Amino acid sequence: EKYAGKPIFTEETMYESKDDHHFPPGIVMGLAWNPLGGSPIFIETAATSCAFSERDSGVHMVTGQLGSVMRESVNIAYTYARKFTKESDAENKFFNNNQVHLHVPEGAISKDGPSAGVAMTTSFVSLALNQPVLPRVAMTGEISLTGKVLPVGGIKEKTLAAKRSGAKTVLLPWANKRDYDELPDYVKEDVTVHFIKDYAEAFKILFPNVQSA
């Protein structure tokens, strides 16, 4: 600092990036593209018990300056997460008994785009199972109502953002494999990338200690 001044860029994460440090359940690192490159985008979910009836459950609050496309992603991710959790554990009543609040921090910055569905789904599933995701993992990809992982843009920028944030594992849509293969070697160094076609594949990587149906 004496010679170069204060650091312009710091580690881009709200949470500690240690090999053995899990985020709390419901916290997931997604990846976003912006005009200045890529950046991590954290998805946070929290639950409050629903004291009335199942019809009162659901995503009752979404905060963080999300645009209309991302708000659609929230609803798709919630519906699929509920279906996936029920299929994985028929006894899990989390979504029947809780209202969920989804928040994307840095709320002063408007965010939009179809690429956070996998991260949102993972956040909901993590909360429902009360299980943290694999440490130092980041992900991007949109999700369909049937759990298909859809391609996104900005693969180079998002991969670099993951590395700057301390991620060692990155999940990308299978359809983006060609885009990743064309990247320079320096972008691919020191990161393990998994290409996924559907959410069931992502689940096995993100929750290695949980058995799915």
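This report walks through a predicted model, from its overall make-up to a few single residues.

**Overall make-up**

The protein has seven helices and nine strands. Of its 213 residues, 46% are buried. Among contacts with a separation of 6 or more, 72% join residues 24 or more positions apart.

**Helix H4 and its cover**

Helix H4 spans residues 155-164. Its buried residues are Ile155, Lys158, Thr159, Ala161 and Ala162. Seen down the axis of H4, these buried residues fall within an arc of 160°, so they line one face of the helix.

Both strands and helices cover the buried residues of H4. The strands include E1 (27-34), E2 (37-49), E5 (137-139) and E8 (169-173). The helices include H5 (177-181) and H6 (185-188). Just after H4 comes Gly166, with a positive phi of about 90°.

**Helix H3 against helix H7**

Helix H3 covers residues 117-129, and helix H7 covers residues 199-206. The two pack at an angle of about 55°. Their axes lie 11 Å apart. The crossing of H3 past H7 is right-handed.

On the H3 side, the contact is made by Val118, Thr121, Thr122, Val125 and Leu129. On the H7 side, Tyr199, Phe203 and Leu206 meet them. The residues of this contact divide into six nonpolar, two polar and no charged.

**Thr122, a buried residue in H3**

Thr122 sits in helix H3. Its relative accessible area is 0%, so Thr122 is buried. What does Thr122 touch, not counting residues up to four places away in sequence? Its partners are Val28, Val133, Met139, Tyr199, Leu206 and Phe207. Tyr199 and Leu206 belong to the H7 side of the helix contact.

**Two loop residues with positive phi**

Gln65 has a positive phi although it is not a glycine. Asn130 also has a positive phi, and Asn130 is not a glycine either. Gln65 lies in the loop between strand E3 (58-63) and helix H1 (68-88). Asn130 lies in the loop between H3 and E5. The table sets out their values.

| Residue | Phi | Relative accessible area | Exposure |
|---|---|---|---|
| Asn130 | about 55° | 56% | exposed |

Asn130 counts as exposed because its relative accessible area of 56% is over 50%.

Conventions. Residues numbered from 1 in each chain as written. Predicted model: local features only at pLDDT ≥ 70, side-chain atom pairs only at ≥ 80, totals over all residues. Heavy atoms only, no water. Buried < 20%, exposed > 50% of the residue type's maximum accessible area, 1.4 Å probe, protein only. Helix = DSSP H or I, 4+ residues; strand = E, 2+ residues; numbered from the N terminus. Arc of directions from axis to C-beta. Contact = heavy atoms within 4.5 Å. Axes fitted to C-alpha atoms, helices over the stretch in contact; angles between N-to-C directions. Left-handed = near helix turned anticlockwise from the far one by under 90°. Nonpolar A, V, L, I, M, F, W, Y, C, P; charged D, E, K, R; others polar.
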